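Please open the model in a viewer and keep the selection panel at hand. The stops below proceed one selection at a time.

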Amino acid sequence: MQLKQLSETTENDYSMELARLLSNQLRLPFCEEEIASITLFLLGVYSQTLPSADPSDSDDNSFVKNIVTDMLTSVDSAMGTSLRKDKELYAGLMLHVKPMVYRLLHDIPVQNYLIEDIKTQHPFAYYAAVMACNCLERASGTSVSVAEIGFIALHIGAALERQRTQPQFPEDCIRALVVCAGGIGTGKILQSRIEAELDNIRVISVVNSLRAQDAVRLGADIIISTIALQDPLVPCAVVHPLLPPADKSRLRDWLRDLPSLHKSVVSASSLREPIMALIQSRYHVAKPDSVNKLIDAMLLQLNPFLVQQIQGGHEHEPTIGSNTGKKVYRMTDVLTTDCILANCEAHNREEVVDRVGQLLVEAGKVEPRYLDAMKASLAKNGPYMVIVPGVALLHARPEDGVKQVCMSLITLKEGVAFGHPDNDPVDVAIAFGAVDQHQHLEALADLMRIFADDESMKVLRHANEASEIAKILEQAIVKSTDHPEKEGTL
Amino acid sequence: MKILAVCGMGLGSSMVLRMTIESVLKELGVNASVRTSDIGAVKAESADIIVTSSEFATLLADKKVPILTIKNYVDKQEMKEKLLSVLPKEGE
């Protein structure tokens, strides 16, 4: 592409402006070639607007349009698909191909970390993408890298999944917000995978991680994300973008166990009238329609919290966190007798992890790989997990295979050295699994009360039966609740 | 006043630390916010006091704030003594 052609693009205006600002700042002149190379980089970056929205550069767009149409036509005719009819695919490719052409013409490399997964798990989509890219190669006169083909395969794969999916969703389906790191491609393919594999989930939108907090505004029940999120407002699961079978079954289990989804959702309309009546009893409402809309919006935001309020009150139902509105578990909810073992034998800290972690695996609460993650964390971060003399608090991250909030406890016949300068040897080990940053906290606080109570710890260390330990724990909780001033107000 | 409890993953030990710190602060009548962080994210956090274990303390040496290393995470006496050594004195 020549300098003249580059200078006619919109991006060139931006790079001229950038160059002007920079040369003012640095007191250095920018030559035409420098500006052109800035333009190239701008062109090589994803454009977030649809090309058709900007009628001014129609020549440029018609070139891209022709390529995209050619690509889809050649795949359709060779493989018997009907990709041309898929408007979402067309729009997605229009967005993708324009910067891609610039990348090809100017040898700007891209990285595609998913490429091996795409090739092995979606060979058909990959093959289709190879054919589509043949058209691109002919049109641009350059060769297309495997990484670039992989991105096209993501778009095509998503379209193929869409065609397999029945567009009918049941009324009581779960509304999911799909979150991905930044791009559109991975989120879209995850959406298609979810909709193809899990028929009770409806993806309401795909956003990047910066917009994950929109979940409430969009009315999402859950977030399904390709990356871990800080403090998500609704329950969040992290999965691989291609949703491999293991992640799929994990997601299914997680959804089944997710308490807030056993719906008794407060529908916005059921509360709107009483709230309106309350307002009207005290004020004159000038614009009832506008106020109703505001009430609906407010109820929508409140919904995730209201669901859980209504579900409370059952005898064994976990209690409600006062400030987060999320479900929290007390220690006695999670540390059940089957997750306790007395007088275990272990020779080193890895064996301790195996013993205490195995209880969670056997109870079906974590995947076996969680044990490896706990050991890896111990190896990486050192023995700090021995947080109290003789007591190790072992865990890994939610995404390492935790199916539900859980906790297990073992006592050891003989103390094991963890390498802690002060708190060795360890003779009590706790393993726990968290699903987010909140739901396990109350159980952890219960546990801390026991650790701080020397008397209970002494009895616990001498207990010979799991049931005995369970009883001690329960009594310690009651004791600390009865005498909060004595035990402190943790 | 911002206190940051730091551990390997920001899920377990630092949460325990936070609970102990909050309970001690309440006892002392000191008003401070206590947040948790994992060792990877701590670089982006600002704090007036950091509370953690000795192995993480060495990694945080570049932070120009007092770093308290705690042996027993549930020992309120230890926490109280160490906090008092760095808390501003005018409240007393």
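**Backbone stops in chain A**

N343(A), at 29% relative accessibility, counts as partly exposed; buried means under 20% relative accessible area, exposed over 50%, and partly exposed in between, with a 1.4 Å probe and protein chains only. Its phi is positive, about 55°, although N343(A) is not a glycine. The residue is found in strand 5 (residues 340-344) of chain A; helices (H or I, at least four residues) and strands (E, at least two) are DSSP runs, numbered from the N terminus.

This is a predicted model, in which local features need pLDDT of at least 70 and side-chain atom pairs count only at pLDDT 80 or more, whereas totals for chains, interfaces and linings use all residues. Residues are numbered from 1 along each chain as its sequence is written, chains are lettered from A and ligands numbered from 1 in the order in which they are written, and side-chain values use heavy atoms, with hydrogens and water left out.

Select L243(A) next. Phi of L243(A) is near 45°, a positive value in a residue other than glycine. L243(A) sits in the loop between strand 4 (236-238) and helix 10 (245-257) of chain A. Is L243(A) buried or exposed? With 0% relative accessibility, L243(A) counts as buried.

Then move to D424(A) and P425(A), which are joined by a cis peptide bond with omega about -10°. P425(A) belongs to the loop between strand 7 (406-416) and strand 8 (426-433) of chain A.

**A buried serine**

Select S192(A), in helix 9 (residues 185-197) of chain A. S192(A) has a relative accessible area of 2% and is buried. Which backbone oxygen does the side chain of S192(A) reach? The side chain of S192(A) extends to the backbone oxygen of A158(A) at 3.1 Å. Apart from neighbours within four places in sequence, S192(A) is in contact (heavy atoms within 4.5 Å) with A158(A), E161(A) and R162(A).

E161(A) can be selected again with R193(A), E197(A) and K248(A): these residues are linked in a network of salt bridges. A salt bridge is a side-chain nitrogen of Lys or Arg within 4 Å of a carboxyl oxygen of Asp or Glu.

**The nonpolar cores**

Select L394(A) and M407(A), which touch the most other members of the largest nonpolar core, a set of 96 residues. Such a core is a set of buried Ala, Val, Leu, Ile, Met, Phe, Trp, Tyr and Cys residues joined through side-chain atoms within 4.5 Å. Helix 16 of chain A gives the largest share of this core, 8 residues. Leaving aside neighbours within four places in sequence, the contacts of L394(A) include V352(A), M374(A), F418(A) and F432(A). A second, separate core has 37 residues, among them L83(A), L89(A), V97(A) and M100(A).

**The interface of chain A and chain B**

Display both chains. The contact takes 33 residues from chain A and 24 residues from chain B. About 2200 Å² is buried between chain A and chain B, and carbon and sulfur atoms give 65% of that area; buried area is the accessible area (1.4 Å probe) that two parts lose on being put together, summed over both.

How many salt bridges does the rule find across the interface of chain A and chain B? The rule finds 1 salt bridge there. Select D422(A) and K71(B), which form a salt bridge with the closest N and O atoms 3.7 Å apart. D422(A) is partly exposed at 39% relative accessibility, and K71(B) is partly exposed at 42%.

On the side of chain A that touches chain B, helix 15 (369-381), strand 6 (391-395) and helix 16 (441-451) each supply at least two residues. Helix 16 of chain A gives the most, with 5 residues.

**Two salt bridges within chains**

Select D427(A) and R461(A), whose side chains meet in a salt bridge (2.9 Å, N to O). D427(A) lies in strand 8 of chain A and R461(A) in helix 17 (residues 454-462) of chain A, so the pair ties together parts that are 34 residues apart in sequence.

Finally, select E22(B) and R18(B), which form a salt bridge with the closest N and O atoms 3.8 Å apart. E22(B) and R18(B) are separated by about one helical turn because they are 4 residues apart in helix 1 (residues 13-28) of chain B.

How values were computed. Polar contact = N/O pair within 3.5 Å; in protein donor to acceptor, adjacent residues only side chain to side chain.
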